[in-house]
Amino acid sequence: MYNKKLLSVLVSCAILGGCGSSSDDKAENKAPTIQVNDVTLTEKANSTLSVIATDEDGTIVSYKWVQTAGPSLDISGENTDTITFVTPAIDVDTAISFNITVVDNDGAETAIDYNLVINRIETVYQLTGKVAANGFNNSSITASVAAESETTQTNDAGEFSFTLAIDDDEDINKSVTIMVGETNEKQLAILYPSIESMTIAEQSDSSAMSTLNQNVHTQTNIDSTKLSISAISTAQYSLLIANNNGEIPTYKEEVQRLESQLNPDLVLEAAAVINIMVESEDDILEEGIGLISSITNPENYNTLLDNIETSLPGAIEKNIEEITENPELTDLLTPEKVAPIYYQTDAAAQSFVARSGERYEFNQTGIGSVTNFNGLSEFDWSVNNNTIEIDFSRNAHGLIINQYVDSIESLTNEEKALLRSHGYELVPVEYKNVSSSLTRILSGSVIDTFRESSLQRETVLAINDADFQFEAKSYDFEMEDRNILMRKSVTSDKAFDAESMVGLWGFEVFRNNDPYSPSEFEILDFNVNGTGVSLDSEDSFSWTVTDEGLSLNFSEFQHNINLIDYLDGQYAVLNEVVDVKSGDQIAVEFGLGFQIEDEVTFTENSALTGEKHYFQTMVNQWTAASWDNDTLKYCDSYSTEAQCYAYGGIMFGFQTQSDNIGTKYASPVDQFPPNLTDYYKEPLNWEITENGNLRFNHTGLGCYDDYSQNCRYREWNLLSIVDGKIGQRIYVQEVDMRREDNQSTGEWQPLIYPRWNMYELIEIEYFNKTAATVEMVDIGQLAVDSIYQPVAKATKTNHTVLFPSKSINIEK
């Protein structure tokens, strides 16, 4: 930090009496003289100003300082030759003035105006890079944040290097916009997530500046980050604005949150549109609408898509492929720029956090690993032409699934017949990664998007029965390319800390009771001394907070919990479970952590839905793929229209009416909104238990030995009530219990072990009412829609995605 060069001190003399006075009685008395020095004043500093007053034929008997301009100061010593004060905090260099009067022993006065400037403390940041597009050579480029801005020109090659000075009191978490282009019609842009993420410029005169005032701070840093302003950066910038109700996101946390919700297919398509518009000489833009405005507004964007496809058929798809193969459009990926840890997740819808995925580790030794619910697989990796090449021959952990013989493509018809003839309708099949190529196509503050191409191996495992042997058979196949989101850091500044951990939390704890879901969601009481107890199992544990995250130590298992994402009390975490005795990692799961700040229980009011509403489960609706703007889609994002029609949509939940009457609702089959009528309905009764839980008794099922008795119930332990995307949202710990053998005298056994879930209160006719605004399409063939929240909900318009990547996988 440094002070700007001090403006010249202006001194004017206004002699009051003497100094040329024609008065006879004072003619022989000479007025005093005053001298002042050039002084550098800096904001927020203890400051001293002095004058040297002399009287040639006498002595100085009084001084008087009066502030005449500038911010009000608390001055000490105003009747002496020296005053002291503390300069205020300012955001621009600010003029300040004093009138100083001295009087000699004969009463002669001399007055001067002492004009100075208080210099603000500022940090100067270096911005260096290139515009990766034609037509922006020798163009105006402006960087701006809050009230600060700086403008310069690109050179003949579209390169730029300039500085931006920012007041030291400006919030370093504010975002920075860099815009290039002479007119609004065709401009490119990039959004820096925060001031903090920029590079501080090197100050050549730092030593000289620091000697002027000890309160002036200067900083030096390494070479500036090379920026690439391109069609991709402009698409990201525009869609962040679109996702933020038309406003530029102001703070880093907003940028990161919105970035995690962007659909990479839409970003690529928008980049292709921008690239076409920049290169085209035709007037395709709507009159009066600039290029960026055409992207930020869904309606304008869809119109622009139609215009391009009409005038330049196939141009968008061609440009998408060219963009994905052009490393110049983003910061070139080198091994050093590969994040040491990535979390692969799907785009999360607004008000939700990501809750599934994988963790990649890339060591600079060229060895890495991927951890998911299958376990840990090691690989060798290298970077070539913006692509991370991964070879799993070192150690790939496979997933074994029992598959129907007829569904296994690697088996011949004769082999299938042979297996069936020996009673094998199902056989164990192992799936392993062979290799993978991750080509980076988008780079953000916390999210990088890669185009994944992978080779997998399917192996029908050997059968060695006494009367039948079958040799293992393998074949390799290419997975369909897809775009994946890779988080390189937590999407917020949130972190576990020891002080905030004290109290009640909900986490998944490894129990291994259910092979399909070995962890159970339990309420844990954290004590201040690093101990705790599970309120569900009564097991004790110890805990510590480390740089890596939270460590929970039970008697048999250690849980290493890494924070992935955070939003409004929801902690998306990766839970690695280690066997205490062997030290082996035995499970890895994405899950949810939940801080229970208020002790809440169900009441008659909070439990009652009424006859027109029900609690719709949202446990699998956290992805952007599940929503069209703020409208929940009826079909799963991985389902085709035919599958959705045949097997039903996502409707599932519980209704509670007065007199303790209840109903479990589910989607009908062979029907589509807006013509849903034959809902699946199962009668229930409900009650609030002594501990304030909501219990649904399945009265319509009955027990095998006594149909009048209840042999199954689902129970919710209320964790929190908040506003959801559609209606009131509740977070619950839930279990589903059934009596052994469905007998009225059987012991209660868990059908669903304790887990967390979330439900929102919506109308029974919700999907019928919203069907007119949600196009029923083959979702498996079209792209995941990004999330937008227009101001006028009655006129919702969504960005169209014409050319998506395939194989978008959503957790069931």
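What share of the 812 residues of the protein count as buried? The figure is 51%. The model is a predicted one, and its secondary structure comes to 12 helices and 47 strands. Among contacts between residues at least 6 apart in sequence, 61% join residues that are at least 24 apart. The accessible surface comes to about 37300 Å², and carbon and sulfur atoms account for 45% of that area.

Confidence comes next. The mean pLDDT of the protein is 84, with 88% of the residues at 70 or more. Over residues 203-224 the pLDDT is below 50, although this stretch has 37 contacts in the model beyond near neighbours in sequence. Residues 806-812 also stay under 50 in pLDDT, and for them the model has 21 contacts beyond four places in sequence. Where pLDDT is low, the predicted coordinates should not be read in detail.

The axes of helix 4, residues 264-279, and helix 7, residues 315-324, come within 8 Å of each other and cross at roughly 105°. Angles of 65 to 115 degrees count as roughly perpendicular, so helix 4 and helix 7 are roughly perpendicular to each other. On the side of helix 4, the contact is made by Leu268, Glu269, Ala271, Ala272, Val273, Asn275 and Ile276. Helix 7 contributes Ala315, Ile316, Asn319, Ile320, Ile323 and Thr324. By class, this contact of helix 4 with helix 7 has 9 nonpolar, 3 polar and 1 charged residues.

The remaining points concern the backbone in loops. Between strand 42 (661-666) and strand 43 (680-688) runs a loop that holds Pro674. A cis peptide bond joins Pro673 and Pro674, with omega at about 10°.

Two residues other than glycine have a positive phi. For Asp659, phi is near 60°; this residue is found in the loop between strand 41 (652-656) and strand 42. For Asn742, phi is near 55°, and its place is the loop between strand 46 (728-739) and strand 47 (748-763).

Are these residues buried or exposed? The relative accessible area of Asp659 is 68%, and exposed means over 50%, so Asp659 is exposed. Asn742 has a relative accessible area of 12%, and buried means under 20%, so Asn742 is buried.

Conventions
Residues numbered from 1 in each chain as written. Predicted model: local features only at pLDDT ≥ 70, side-chain atom pairs only at ≥ 80, totals over all residues. Heavy atoms only, no water. Helix = DSSP H or I, 4+ residues; strand = E, 2+ residues; numbered from the N terminus. Buried < 20%, exposed > 50% of the residue type's maximum accessible area, 1.4 Å probe, protein only. Contact = heavy atoms within 4.5 Å. Areas by Shrake-Rupley, 256 points an atom, 1.4 Å probe, with all protein chains shown as cover. pLDDT = per-residue confidence, 0-100. Axes fitted to C-alpha atoms, helices over the stretch in contact; angles between N-to-C directions. Parallel < 35°, antiparallel > 145°, perpendicular 65-115°, else oblique. Nonpolar A, V, L, I, M, F, W, Y, C, P; charged D, E, K, R; others polar.
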